[in-house]
Amino acid sequence: MMPNDSDPKALIEAARVAAGNAYAPYSNFAVGAAVQLTDGSIVTGANFENASYGLSLCAETVALATLNAQGRLRDVVAIGVVGGMIGDHGATGTAPVSPCGRCRQIINEAAQLGKRDIAIFCAGAEGDAIVEYRLSDLLPAAFGPADLGLA
Ligand code: THU
């Protein structure tokens, strides 16, 4: 795969697998995220809730923190996000899930470091529909490293 190409179907599929590992006993809402890098590789995350509710981590944030630990925050090309309420046989529903405001800001750090806009593909836990955005659509006029004289 060429750098900056992305494969929405592969991302959504990987995000759905990751959503299967969501730890979401409080909301019963499973989210999976899959991040595609310039070399085509995919790193995933799932939401990670806490009994102290406000400490819960979103799937996108978990995936990006993993990438940071691998030194690859600059290499993000695209992100797939899926989610749905957890039923007897896993997450359900076809409504696309888009990143929360905090995650948008965290994705922006990767976009600025990599000097590229990031494609964001959103889907439900089930179904074929995929909605595509760019980070610049979801977080216009973002505050970022440049405001602090960096990146
Ligand atoms: N959640 C995510 O993981 N990503 C989002 O972009 C939206 C919300 C999680 C947080 C919480 O564990 C559950 O979904 C319900 O809000």
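**Reading the ligand site**

Biologist: Which elements each supply at least two residues of the shell around the ligand?

Modeller: β1 and α2 do; helices (H or I, at least four residues) and strands (E, at least two) are DSSP runs, numbered from the N terminus. This is a predicted model, where local features need pLDDT of at least 70 and side-chain atom pairs pLDDT 80 or more, while totals for chains, interfaces and linings use all residues. Residues are numbered from 1 along each chain, and side-chain values use heavy atoms, leaving out hydrogens and water.

Biologist: Which residues surround the ligand?

Modeller: A neighbour has a heavy atom within 4 Å. Here they are Ser 27, Phe 29, Val 31, Asn 47, Glu 49, Cys 58, Ala 59, Glu 60, Ser 98, Pro 99 and Cys 100.

Biologist: What space does the ligand take?

Modeller: Rolling a water-sized probe over the atoms shows where empty space is left. The ligand takes the largest pocket, with a volume of about 160 Å³. Of its 14 lining residues, Phe 29, Val 31, Cys 58, Glu 60 and Cys 100 are closest to the centre. A pocket is an open set of points on a 1 Å grid where a 1.4 Å probe fits, with protein on both sides within 12 Å along at least five of seven lines; lining residues have an atom within 4 Å of a point. A molecule sits there if more than half of its atoms lie within 2 Å of the grid points. β1 (29-37) and α2 (59-69) each supply at least two lining residues.

Methods:
Grid points are joined across faces, edges and corners, and a volume is the space filled by probe spheres set on the points.
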